[in-house]
Amino acid sequence: MAEEERKRNTLDRGLLKWLEGVKNLEIEDVDFVIDRLEFTLPTQIFRPPLLPKEVLPTGKPKGILTSEFSIPVDTYRGGVTEVVLGATKSEGGTRSRTITVGGSKTPAFYAFEDEKPNPPVIVGDVFDMKVSLPKPVREHFGEVLEDPAEWARVYVEKFDVDMIDLELISTDPLINDTPISESAKLVEEVLQAVDVPIVIGGSGSPKKDGDLLSKMAEVAEGERVLLSSATPDLYKPIAEAAKKHDHSVLSWTSLDINQQKELNRNLLEYLPKERIIIDPTSAALGYGIEYAFTIMERMRLSALWADEELQMPMAAATSNSWAAREAWRKDHDLGPRNLRGPLWETTSALTFLLAGVDMFIMLHPAAIRTVKEVAGWLMKENAEKTQKNWLDLEAV
Amino acid sequence: MSKKTSPLDVFNLLPKTNCGKCGEDTCFAFATKVADRKVDLELCTPLFEEKNYKENLGNLEVLLRPAVREIRLRSTGEEVRIGGKTVMFRHEFRYDNPTSIAISVSDTMPEDEMLLKVKKASEWGYRYIGMDLSLDLIAVRSNSNDPMQFRDRVKKISDNTQMPMMLCSFSPEVIEQGLLALEGETPLIYAANRENWKEMSQLSIKYGCPLVVSAPNDLDQLRSLTASLMEEGIENLVLDPGTMPDEGLRDTINNFTMLRRSATRKEDDLSGFPLLGAPISAWCEEDEEPEIKAWKESYIASMLMSRYADILIINSIEMWSLLPIVIWRTNIYTDPVKPVMVEPGLRKYGDPGRDSPVLYTTNFALTFYTVQEDFKDLDCYLLVIDTEGISVESAVAGGKLTAEKVAEAIKETGIEDMVDHRKIVSPGLAARISGETEMESGWDVIVGPKDSAGIKTLLDKKFYQ
């Protein structure tokens, strides 16, 4: 290794020496074999002097200098579209209200630039079969975990979610291979049980999701649901069904911004931007969350810089947080899991909130409550702003 | 957009003697590492010792000054670096110097309780993907407002921990006694404000310690104080724009974001200092349960870390509320260019024989270390498949973990010659590709548990039968 590096440095030096005084260099017929390519764009060599212009030193000051902070506002050429989910009676559906997702014109919560037009949407996560959920989640739902329609109702009535995500995981041929007709009945049942807009999720099986979601789109016609999800492997039948029955589509990729752009480009052949929501995969805190966070930040900035392929609202499933052992494991050293678990989901969700996520698919009631509350505070103009004096805080 | 330093610019200002004192063979190699902020310029000793390089050194220091300055705190045994950020967004370069977490104690706590908390903070640790995570600082608050009591407590803390300290009081008399108790160390002084800034600036100069500037939710005042302190000759500053819980979060997040944007995007030197967050403010609500306060403190800390806090003051020492903060810190401070992955290939655990189980997983570091922890008491072979550092579930969905890749790994590692059986245990989350894997490899696939904690039960039930 050291030998290789030495050789390379000698080569670097040799090249530099050889290139001294050369102004233009034309290279013809050359192949480069490159492992990692870094471009260093020339920067200005020296930074401006330290003191700002408005502060002109005239010997030691007697009193405090005054200097005004200028608010660093940027302008953006692009913005995030608004996706409307659900349809009321007058719109041909049966929902009590519609939900608008997205619409941001600035990075997340840059209130010094512009207000966020719509609050983040909280979706309660419901499965069509009994799944192994950790105890801190189970204890809030009890028996309804075996009855998806009731489970949905508890989310809406007791925990105040904006929407329900019904995940039809039992349809997977590798799980129960539940017949499509049965799932159709369940979707109708859930639409009866709650009056909020819904997401209908497939199992992730590329063999079955196309037929399944097409049928569900037909069953839910008029309700403007979100079909979850179109993937790089399987998007055509889902996009076609959404187009035919007037629904929207969740565009899901696996932590890959280029793949996301490609899938969105493909979906745009069928649907307008206003009918697509992006899910770039929300890895759990401690299990790759930084990939998701950074991809979300990059996608949102690109959207604001007018990249049309990324100008859709973003969704994150923070239910995934419970995959982290630190969230669910019974472990005395890690402290009570009925606090630790929901805090894990809360932390993941708030991290995504600050990266620009507009829609959260969530599990735990305490995490749901905190995210709603924090988003409300972040969006509240002219709020009370007193700094509490923590310096004098009595010891706790 | 970001301020990235060119290795050539650095190289041109180095001695160019290739003396090797820095540990590199050539000045160019050294320049590359300095520009990438992987090593300190101080390693080039001739630059600092020889007079004729003085001008170059001055120019280099300006060239290399990050958009957010770096502040160093020291105890007798440890050094903590704060700030030193070159970019606003993690994807632009990398965040250096992970946010320092300071655990707060008060000088009016019963002494044994105070020292117990200090001990807990010093010994706090968590093992995560092969790393030992820990906390960084002790912040001592003077509730007594009694200089001698403060001095006594600071001394006792210093005798009981290696961690560098933050001395917290708005009284210059109190702070000076604290500084006297820490001779030879470099604690952080909290804080200069509108009233005391002159006296505090003198202490900062006299004792050579960095100083926090505090102006709660008032960026004009923060800026005026910063300009005044710089005019006094102090450049080791940390900015505290105030941390307000609940409805105040909006302004708090705004202030942190505006300051960091001014520093990185507008090259505004008066904003170019590390930012201090005080999630401990969550403890000021009187009518709330301690669990609620710790809960709020924890999520405020994580939010402020997403929004550029370089140092955080925390009250709760509870594991459940600290762990999410420390894990998020570790995650956001990883280099975004390098996926967190391990070398693919064959691993052996214990003393595997010709009938020992063969299992496979991905080379995403977290998956690998988690699995390894569960396998350490088994005798088995583990095939680590190259999924480009992606976890099992995402790799299956994204086509980075395929039947072909597993079959290829079976061939390439020569595992076929090491065992007599043809049974491989797959991760539970890779169940979807098990059929194809059997066809591609000719091995039987036993689908393992979704979490590798259940591996022993599975092997007893399905493998050894």
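1. The contact between the chains takes 76 residues from chain A and 88 residues from chain B; two residues are in contact if their C-beta atoms, placed from the backbone, lie within 7 Å. This is a predicted model, in which local features need pLDDT of at least 70 and side-chain atom pairs count only at pLDDT 80 or more, while totals for chains, interfaces and linings use all residues. Residues are numbered from 1 along each chain as its sequence is written, and chains are lettered from A in the order in which they are written.

2. On the side of chain A that touches chain B, two or more residues come from each of helix H1 (2-19), helix H8 (289-304), helix H10 (337-355) and helix H11 (365-379) of chain A. Helices (H or I, at least four residues) and strands (E, at least two) are DSSP runs, numbered from the N terminus. H10(A) gives the most, with nine residues.

3. In chain B, helix H6 (residues 147-160) and helix H7 (residues 172-181) pack at an angle of about 30°, their axes 8 Å apart. Axes are lines fitted to C-alpha atoms, for helices over the stretch in contact, and angles run from 0 to 180 degrees between N-to-C directions. H6(B) is therefore roughly parallel to H7(B) (angles under 35 degrees). Among the residues making this contact are B:Phe150 and B:Val154 of H6(B) and B:Val174 and B:Leu180 of H7(B).

4. Helix H13 (residues 365-375) of chain B has buried residues that include B:Leu366, B:Phe368 and B:Phe375; buried means that 20 or more other C-beta atoms lie within 10 Å of the residue's own, with C-beta atoms placed from the backbone. Their cover includes strand E13 (345-349) and helix H17 (455-463) of chain B.

Notes. Buried ≥ 20, exposed ≤ 12 C-beta atoms within 10 Å, placed from the backbone. Parallel < 35°, antiparallel > 145°, perpendicular 65-115°, else oblique.
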